[in-house]
There are 2 protein chains.
Amino acid sequence: MTHPDDISEAPKGPKVEDTVLGNLIGYRLKRAYMQIQPEAQRVLAEDDLRVVSFSCLSIITDNPGIVQSELADALQMERSNLVVIIDELEQRGLIARKKVPTDRRRYALTATLRGRRLRDHAAERVRTAEDEIIGRLNGEDRAHLMTVLGRLEDKAR
Amino acid sequence: MTHPDDISEAPKGPKVEDTVLGNLIGYRLKRAYMQIQPEAQRVLAEDDLRVVSFSCLSIITDNPGIVQSELADALQMERSNLVVIIDELEQRGLIARKKVPTDRRRYALTATLRGRRLRDHAAERVRTAEDEIIGRLNGEDRAHLMTVLGRLEDKAR
């Protein structure tokens, strides 16, 4: 007979063999991301943000006056998808949009004080959520993971 | 004046500041995944596979007789989404579906010889594509990345 306390330790079912898939970096990155993404989504939703709108707000906060094409490049997003998000952030008073003096067809984006505060608050909450998920990953592993992921990105460019 | 050869070395535009986002593991995992995923998609498409149908075929190949619910759990997919993929793999003669003797409402899935060969071929091609992308990541970094990603997944369960 199984003690109720044992449930959390019990395996979720028969172990499925996935050695071939598991040796592919893409598969492993996606699985790791899928552990974190739902939690990030959940905490951001409490601030009426989605992962993508938070990312935009964050980049705009750190790059006052950035134009939409630079933002799209930085987040590897289609410019058409960005427009809706920019509109929403502006309507909520989180960012301001101004015509670029040297090129009046382009808009420079800057976070408002309210936007910057929301970004800081949301980033802190996501970081805390991540820490809860990967808390038992030691600091050295975390640092090494970030370094290698950064190197992977640099190499892929 | 810039020599034409310099183009590949030139930065893609002004450097966008993303320290806050860049310190979030979820963001970094997704960016690393986005470097690899389009290439994986491209090589799999040449075998008429998508990332998700390849993943299913791979798990079925390595777990003969697996039932759909186990497959859905292993890939963290909705069972309803799985049905279409299973149907397609069966129609292409890559897997066979048999009723489970002890529970005739459930189906056991097994890869055919043709399915197993396609899986091996496709996995090899994805691995080669990944190696080209991250080729300059040294073997030690790659091994450490996989270990930490594995640990991250284990911790999150």
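User: In which sense do β1(B) and strand β3 (residues 103-111) of chain B pair?
Analyst: They pair in the antiparallel sense, over 2 bridges. Two strands count as paired if DSSP finds at least two bridges between them, and strands (E, at least two residues) and helices (H or I, at least four residues) are DSSP runs numbered from the N terminus. Bear in mind that this is a predicted model: local features need pLDDT of at least 70, side-chain atom pairs count only at pLDDT 80 or more, and totals for chains, interfaces and linings use all residues. Residues are numbered from 1 along each chain as its sequence is written, while chains are lettered from A and ligands numbered from 1 in the order in which they are written.

User: Ok, and which residue in β3(B) stands opposite B:Ile66?
Analyst: That's B:Leu109.

User: What's the strand order in the sheet?
Analyst: β1-β3-β2 in chain B, an open antiparallel sheet of 3 strands. β1 (66-67) and β2 (95-100) of chain B each have a single partner strand, so each has one side without a neighbour in the sheet.

User: How many bridges join β2(B) and β3(B)?
Analyst: 6, again antiparallel. One pairs B:Ala96 with B:Thr110, and the two strands make a hairpin with 2 residues between them.

User: Switching topic: how many residues does each chain put into the contact?
Analyst: Chain B gives 52 residues and chain A gives 52 residues, where contact means C-beta atoms, placed from the backbone, within 7 Å.

User: Which element of chain B gives the most to the side that touches chain A?
Analyst: α2(B), with 13 residues.

How values were computed
Two residues are in contact if their C-beta atoms, placed from the backbone, lie within 7 Å.
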